[in-house]
Each structure stands twice: as C-alpha cells, then as structure tokens.
Amino acid sequence: MASLSSTSSPRPALTSTISQFRQQEDDSFPFPPTHSFPPFYTLQPTLLTRTSQLAKWSLLVQRYHAHHHRYRLHLATALSSPLFHNAAIHRRLSHASLTEIVNYMVKSEKDGGGGQRAEWIGGAVGKGSERSEAWIWWKKPDEWAEVIAGWVDKTGQKGVVLTFYELLNGDAVKGEDWVGMEDEVLARCLTPLVKKGKAQVFGEEGEKGVKFF
C-alpha cells in the first residue's frame, strides 16, 4: 500500500462518492433561477436592493429546510452545502452574509425583518462566534401547534398519553410533516397548546411525554 503524505492528492473514488452523495441529497430540491445568478451571493449596498435580496434568501432557506425536513442551521457547516455554495458558478455565500440573512429572518416584519422565521439557538443576545446555530421556522411554533392540534382532533388522541418518540416516529404519525423533528423543537411547538390548556408535557429529558385535552 502506498504511504500517505502531506502532498497526496484526494483519492478520486472518495471525492466522487462525496460528490454523488451531495448530488443525490439535493437534486430533488428545485432551486430558483436566482440561485445561479452570481450577484445573489454578494449582499448589495443599496437598502432597497439589499432588503429584496434578504427576503429572497429567507424564502429560499425556509423552502430548502422544509423540503429536507430540517429545523437547525449550523452556519459553518451550511456554508459548504449546495444551498449556499453553488459550485457550478463558483459562488459561495460568506459567513458574514449568512449571519445577516439569519438576523433578518429573526426580526419581525414590523421591525423590517423576515417575520421571525429563524431564532438564534442560545438566545437573541450574542455576537460573532457565539451565533453559530439557529432554528429555521419554516412553520412557526404556533403554526406547528395548530397542525398537531388538528391531528389530535382528527385521530381522536384527546386524553391519550404519548411519548415524544411515539409522536415523532410512531406508526400513527407516518406521513405527517413533523415526523423526525428534534425533541427540543417539538417541545417548543407544543408550548402554545400547553398555554391554552390543550396539552400537558411531562417527564425528564429524553423520556418526555404529552397528554392532549
């Protein structure tokens, strides 16, 4: 076997496998024409143009995460994904630009933002490297609450105790949009129902359950 050295080039087979995996993962997502427009990857200085650009990125991020049923955005990792790196036109969004896009998504429309479609993990306060991850709310927690409440009514789950695992992965929820959701996200989405007296969440981390009323 040939020895490895610092000057060794990447093995073609491995590189090809990684490329094929990324292609299979994202070929099914219909990127809009703007995704292949080079200036789209550089936030423009003119306020009106920049705001329009941020709005387009916000919508694209939401649709991409909804398509792949993802809820968490890790900035450093995401910058290498096909969402923010278009290899075909040799364009990649910068970390600073992605941070600004998420900041826009976090703000309400009243404050000139994207309607609170994102939330920094760890709280709203934080700068630079502290802001490394965000929730992407392609459905907001209260919207998810309404969807889950509708399922409860439709399937007669009132008075029934379900574990988080059953609610996220059980046979009864197959085909529902929230299948595979992280426990932490589910807890956030159940909060509006708890506040309205329509659900009770109990148990320890990793063993949580919910009862609907």
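His 90 counts as exposed in this predicted model, because its relative accessibility of 68% is over the 50% cut-off. The residue sits in the loop that runs between β2 (85–86) and β3 (91–92). Its backbone is worth a look too: His 90 has a positive phi of about 55°, although it is not a glycine. Most residues other than glycine have a negative phi.

Gln 116 is another residue with a backbone of this kind, with a positive phi near 55° and, again, no glycine at the position. Gln 116 also lies in a loop, here the one between α4 and β4 (118–120). With a relative accessibility of 44%, Gln 116 counts as partly exposed, since that value falls between the 20% and 50% cut-offs.

Helix α4 itself (residues 95–106) packs with helix α2 (residues 47–67), and the two axes are 9 Å apart at an angle of about 85°. That angle makes α2 roughly perpendicular to α4, because anything from 65 to 115 degrees counts as such. On the α2 side, the residues that meet α4 are Arg 50, Thr 51, Leu 54, Ala 55, Trp 57, Ser 58, Val 61 and Gln 62. Their partners in α4 are Glu 100, Ile 101, Tyr 104 and Met 105. Sorted by class, this contact has seven nonpolar, three polar and two charged residues.

Trp 57, one of the α2 residues in that contact, turns up again in the largest nonpolar core, which holds 50 residues. Along with Phe 84, Leu 167, Trp 178, Met 181 and Phe 212, Trp 57 touches the most other members of this core. Helix α5 (residues 141–155) gives the core its largest share, six residues.

Leu 167 shows what such a core position looks like up close. Leaving aside residues up to four places away in sequence, Leu 167 touches Trp 151, Leu 162, Val 173, Trp 178, Leu 186, Val 210 and Phe 212. Two of these, Trp 178 and Phe 212, are themselves on the list of core members that touch the most others.

Trp 144 is placed in helix α5. At a relative accessible area of 0%, Trp 144 is buried, because the value is under 20%. Again leaving out residues up to four places away in sequence, Trp 144 touches Tyr 71, Trp 138, Lys 139, Asp 177, Trp 178, Met 181 and Cys 189. Cys 189 is 45 residues from Trp 144 along the chain, yet their C-alpha atoms are separated by 5.7 Å.

Notes:
Residues numbered from 1 in each chain as written. Predicted model: local features only at pLDDT ≥ 70, side-chain atom pairs only at ≥ 80, totals over all residues. Heavy atoms only, no water. Core = buried A, V, L, I, M, F, W, Y, C linked by side-chain atoms within 4.5 Å. Buried < 20%, exposed > 50% of the residue type's maximum accessible area, 1.4 Å probe, protein only. Helix = DSSP H or I, 4+ residues; strand = E, 2+ residues; numbered from the N terminus. Contact = heavy atoms within 4.5 Å. Axes fitted to C-alpha atoms, helices over the stretch in contact; angles between N-to-C directions. Parallel < 35°, antiparallel > 145°, perpendicular 65-115°, else oblique. Nonpolar A, V, L, I, M, F, W, Y, C, P; charged D, E, K, R; others polar.
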